[in-house]
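Hello,

Here is the structure I promised to pass on. Please have a look, and my notes follow below.

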Amino acid sequence: MMLGCIRSLVAILLVGSVAGTVVADDAPAAVPINFIEEIRPILSNTCFECHGPDAAARQAELRLDSKESALSDRGGYFAIVPGSPADSELIKRVTNPDPAMVMPPSDSRHPRLTP
């Protein structure tokens, strides 16, 4: 259940970052999901502290606030692969049960994403 919900979130992120407003696969066609209003706040509240615009606070070179960075080759893997959540490192990290691999990290002040 959690993996499916997170995959849906990332699918929305992937398409939303390109289109701006999308409809999730399991949502009624008449209910659009707005990336800026509904998805970006999740990233902002959970991910941007370490993967956002503030260079002084950034903990890694990956920026999830930048389409170019989020979609770039990171040495043989990609944080986000448009149209392929299963190949996206972001999905692998937010769903990983290993405390050494999960994002946000277990020692972060941010809780894990919920379904």
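Below is what I found, starting with the overall picture.

This is a predicted model, in which local features need pLDDT of at least 70, side-chain atom pairs count only at pLDDT 80 or more, and totals for chains, interfaces and linings use all residues. Residues are numbered from 1 along each chain as its sequence is written, and side-chain values use heavy atoms, with hydrogens and water left out.

The protein has five helices and two strands, taken as DSSP runs (H or I, at least four residues, for helices; E, at least two, for strands) numbered from the N terminus. Their order from the N terminus is α-β-β-α-α-α-α. Of its 115 residues, 33% are buried, meaning under 20% relative accessible area with a 1.4 Å probe, protein chains only.

On a 1 Å grid over the protein atoms alone, a pocket is an open set of points where a 1.4 Å probe fits, with protein on both sides within 12 Å along at least five of seven lines; lining residues have an atom within 4 Å of a point. Of the 26 residues lining the largest pocket, His51, Leu62, Leu64, Arg93 and Met103 are the closest to its centre. Helix 5 gives the largest share of that lining, four residues.

Best wishes

Terms used:
Buried < 20%, exposed > 50% of the residue type's maximum accessible area, 1.4 Å probe, protein only.
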